[in-house]
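Grab a pencil and work through a few exercises on the fold shown here. Try each task yourself before reading the solution.

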Amino acid sequence: MTLTLISATPSPFARKVRIALIEKGVEFVVQNEVPWHADTQTSRYNPLEQLPILIPDDGDPVFESTYLMDWVEYRYPHPSMLPDDPDLAMQARLVHVIAEGVVDAMLLLFWEMQRDSVSADWTKRQLRKVKGGLADLDRRVGEREFIVGDRFGMADIAVIAMLGAHDTMVEVEMIPAWQQYTPDMASWRALYPNLVRFEAHHRDRPSVNATAPHMFDLVEKVV
Ligand SMILES: N[C@@H](CCC(=O)N[C@@H](CS)C(=O)NCC(=O)O)C(=O)O
């Protein structure tokens, strides 16, 4: 069976799925796209017109990164990306939800900054989510090697993808733009020492290193 993943070079959503597949030793073909451009293939496979989309050559396309993380886990159970203990597995999924919420807020902020007229209240609200989520994750990571349980898994993957997305936001100069609304906003690297240590510890892991994000050129107007 051949698996094709519609992905994008900066996408934290696609990155989670790529890391999980690599960790599980599953072969897949990456098809990179800019989902915001008119020639995107995403709408052929996903009514929500978003990537990541996983296309098995013997079945229907599946999409949405949180769902895909479960799909990959069920299809390829070994090695598991979840702790064996059900309570810890639920904790790992909660960390996944928090990291995903931070990514969602950052992307909403990215697009808001492209608008001619920015809503200050709405922007501050999203920035609170980014800061609140990062502070919560920094506390959960503490001095641990793995955020939940005793082996690399879904929680670690979700946080690593979120931190990479934050780095992309820094790269495209979002921090000065955000500081106009929340002056004490800064790169996560300046504010959350536990996350800094955690990311440095895992950075050279092959699945993490091979999927480092790269921003693409957005040439079509989106908002
Ligand atoms: N909740 C979705 C979000 C996916 C998402 O926002 N993907 C972006 C690329 S990073 C996209 O395809 N955006 C196009 C659009 O939303 O129209 C997931 O977890 O998969």
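Predicted model: local features only at pLDDT ≥ 70, side-chain atom pairs only at ≥ 80, totals over all residues.

**Exercise 1. Work out which strands pair with strand 1, and in what sense.**

Step 1: Start with strand 3 (residues 53-56). Four bridges tie it to strand 1 (residues 3-7), and the two run antiparallel.

Step 2: Now take strand 2 (residues 29-32). Strand 1 pairs with it over four bridges too, but in the parallel sense. Here Leu-5 has Val-30 as its bridge partner.

Step 3: From strand 1 the chain passes through helix 1 (residues 12-23) to reach strand 2, a β-α-β crossover that is right-handed.

**Exercise 2. Decide how the buried residues of helix 9 are arranged around its axis.**

Step 1: List them. Helix 9 (residues 193-202) buries Leu-195, Phe-198 and Glu-199.

Step 2: Look down the axis. The buried residues fall within an arc of 95°, so they line one face of the helix.

Step 3: Check the other side of helix 9, where Pro-193 and Ala-200 are exposed.

Step 4: Find the cover. Over the buried residues of helix 9 lie, among others, helix 5 (120-141), helix 6 (154-171) and helix 8 (188-191).

**Exercise 3. Describe the side of domain 1 that touches domain 2.**

Step 1: The domain assignment gives domain 1 as 3-75 and domain 2 as 86-205. Their C-alpha centres are 22 Å apart.

Step 2: Count the contacts. Nine residues of domain 1 meet 12 residues of domain 2.

Step 3: Sort the domain 1 side by element. Helix 1 and helix 3 (65-75) are the elements giving two or more residues, and helix 1 provides the largest share with six residues.

**Exercise 4. Is Gly-149 buried or exposed? Say where it sits and what it touches.**

Step 1: Locate the residue. Gly-149 belongs to the loop between helix 5 and helix 6.

Step 2: Apply the cut-off. A residue is buried if 20 or more other C-beta atoms lie within 10 Å of its own. Gly-149 has 20 C-beta neighbours inside 10 Å, so it counts as buried.

Step 3: Name the partners. Setting aside neighbours within four places in sequence, Gly-149 is in contact with Pro-83, Leu-88 and Ala-92.

Step 4: Tie this back to Exercise 1. Gly-149 and Ile-53 are 96 residues apart along the chain, with 29 Å between their C-alpha atoms.

Key
Residues numbered from 1 in each chain as written. Pairing = 2+ DSSP bridges. Right-handed = clockwise from strand over helix to strand, strands pointing away. Buried ≥ 20, exposed ≤ 12 C-beta atoms within 10 Å, placed from the backbone. Arc of directions from axis to C-beta. Contact = placed C-beta atoms within 7 Å. Domains from an automatic or database assignment.
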